[in-house]
Amino acid sequence: MNSKRLLNQRNLLMLAALILAALVPLAFRSDQYAMILMTTVLIYAVLATAWNIIGGMAGQLDLAMGAYLGLGAFTAGTLLIRWSITPWIGMFLGGLVSMLFAMLIGFPLFGFKIKELWYALTSSALVTVMQVIFLMWNGVGGPTEVYLPTRISPLYSLRFNTYMPYYYILLVLLVVVIIFNNRIRYSKLGYSLLALGEDEDAVEVLGVNSQASKLKALMIYAFVCGIVGGLYACIYGYLHPSFFSTNMSTEIAILGIVGGLGITYGPLLAAVLLVSFREYLRASLGGGMEGLYLAVYAVILILIALFQPRGLAPLVNSGYRKLQTFFGELRHGKPADVESH
Amino acid sequence: MENQPMLKVTNLTKKFGNLVAVNNASMEVYPGEIVGLIGPNGAGKTTLFNAITGLYKPENGKVVFKGVNITGFLPHKICKLGMSRTFQVTRAFLHMTVEDTVRVGAYNRRNEKNVLAKVDEIIELCELGDIRTRVCGDLGLAQLRKVELARALATEPEMLLLDEAGAGLNATELSAFMTLLQSLNKDYHITFCVVEHVMQMVMGICQRIVVLDSGELIASGTPSEISHNQRVIEAYLGKRAVNYVN
Ligand SMILES: Nc1ncnc2c1ncn2[C@@H]1O[C@H](COP(=O)(O)OP(=O)(O)OP(=O)(O)O)[C@@H](O)[C@H]1O
Ligand SMILES: [Mg+2]
């Protein structure tokens, strides 16, 4: 009962954060740079939160984000270019295509129990393979950029000339993904995945089909990446095989790990902090110091890995608990009961 | 004793390269029994368990459980049929709490609506109430062994294979553990096959004992038959066993 009250308190906190997130763009409306930054942060936040399902819960170090994002982008984009199908539908079809693709890839990988480094390498290679395929596939543009049409209404073709609408669409998507993530975490799939990440044989003898569980996780994650891909194409306004980016894929995994494995809000937190920090570094060190921001970024990541190996979220959690104990003592004269995570 | 064996292993062979870990072993476990599987270190007991529960694919032989040929089945399928196990070296979910660990097992036969009832039942049965919200990584060996038993019990098995579940327990813990096993056997009608080095436990609760040596089955019988069997004594140098019975 106590934990339920706490959960509500936590939900209230999330609601406050959400309202804040919804209001912030109004203040920065005219600041194009701030809008780009916030939209970028949201893209990473959605992707990293989705990554948490496969990477955090199932413990599969997936680096194939770009493959799913690219597929979603090309599906939604091509549907709009060729058949004038609105990206509102296209992005979900893109999600479906990515999901089916993930099923084809995941079935043999999980069947052969490919894990850890081997899974990371395979999934990373997948992004490059997809990029090469799309570079050679002239039917969808090959190596040249293909621009999305703007002649139809902005709302229909999802082609706005400000970032504001994208920001809000992504915010809604983020909320949905977080809610979904939490649902999964406290369901049969979530418990099975968490246990799987620790010891696969031990979970199998408890009646859990590890292959099917991991496949479900991968497909859900790929579906979200595909949807984001559709939006991504609209935001950038063109299609290009560079969307199959190994860098971005790796970065998503890093955010997931730094945020804290298996913790829903961890990757979100990491995305907000690290991506804005990265962009800030890029902007302030840019020019002659091109590339230096990457070094600073890397040092920060190493520091986190060294001193906070379970990620940022537990740090915030314990701070939150201390605050709660403090206020609990103020109110009742005794420490409040707290739940683990 | 019922006439249909619950578990029937026939001519099972498992090799690791040139090493024959289990050699042409055949054994049966009947419903309601507690069968002890003993043998010196490296005899192949764990390997036999792994081959029965689907973690290893045997080179040769057949495993039949409740009349179903489960040879080559995946472990989760075998668990669905009603057989689960514990591990010799505890394989806890170190970052998960005790209740969440038990919950993973409970989902085997339960859905979201009634899973919690099973978790509560098992936690009470195994007397884990005090530590139910503790993370497994913080627990001691005796507690971990109990948690492993609990999560296997939560799958609602008809048969449990315990691999040295008594190892590392002190005298008090051991006798509590034996009482629990006997009550599970009597009241919950769970059939057991236990690998055990702790002779006090083997002799105390097993109705029948099977002896494995260098991958081969060398004897089978009641505890007192086994402890007087010349071949077993030779293979095992089981002084403690003999002393205990005499
Ligand atoms: N995965 C493996 N790969 C290679 N050899 C193995 C493997 N597992 C077991 N063995 C070998 O097979 C033989 C039987 O081992 P097993 O673990 O089944 O014995 P055990 O009877 O359980 O022994 P203990 O009482 O020490 O637990 C041993 O010689 C062991 O070294
Ligand atoms: Mg063993």
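Modeller: Across the interface of chain A and chain B, eight residue pairs are in polar contact, with both residues at pLDDT 80 or more; a polar contact is a pair of N or O atoms within 3.5 Å, and within protein one must be able to donate a hydrogen and the other to accept it, while residues adjacent in sequence count only if both atoms are side-chain atoms. This is a predicted model, in which local features need pLDDT of at least 70 and side-chain atom pairs count only at pLDDT 80 or more, whereas totals for chains, interfaces and linings use all residues. Residues are numbered from 1 along each chain as its sequence is written, chains are lettered from A and ligands numbered from 1 in the order in which they are written, and side-chain values use heavy atoms, with hydrogens and water left out.

There are two salt bridges between chain A and chain B (a side-chain nitrogen of Lys or Arg within 4 Å of a carboxyl oxygen of Asp or Glu). One of them joins Asp199(A) to Arg91(B), with the closest N and O atoms 2.8 Å apart. On the chain A side, α8 (188–198) and α9 (200–204) each supply at least two residues; helices here are DSSP runs of H or I, at least four residues long, numbered from the N terminus. α8(A) gives the most, with five residues. By class, the chain A side divides into nine nonpolar, three polar and seven charged residues, where Ala, Val, Leu, Ile, Met, Phe, Trp, Tyr, Cys and Pro count as nonpolar, Asp, Glu, Lys and Arg as charged, and the others, Gly among them, as polar.

In contact terms (heavy atoms within 4.5 Å), 19 residues of chain A meet 26 residues of chain B. The two chains bury about 2,000 Å² between them, 61% of it on carbon and sulfur atoms; buried area is the accessible area (1.4 Å probe) that two parts lose on being put together, summed over both. Tyr191(A), Val205(A) and Leu206(A) supply 34% of the area that chain A buries against chain B, more than any other three residues.

Now the domains. Chain A is divided into domain 1 (1–30) and domain 2 (33–249), bounds that come from an automatic or database domain assignment. Between these domains about 710 Å² is buried, and carbon and sulfur atoms give 82% of that area. In domain 1 of chain A, Leu18(A), Pro25(A) and Phe28(A) lose the most area to domain 2, together 51% of what that side buries. The domain 1 side consists of seven nonpolar residues, no polar and one charged.
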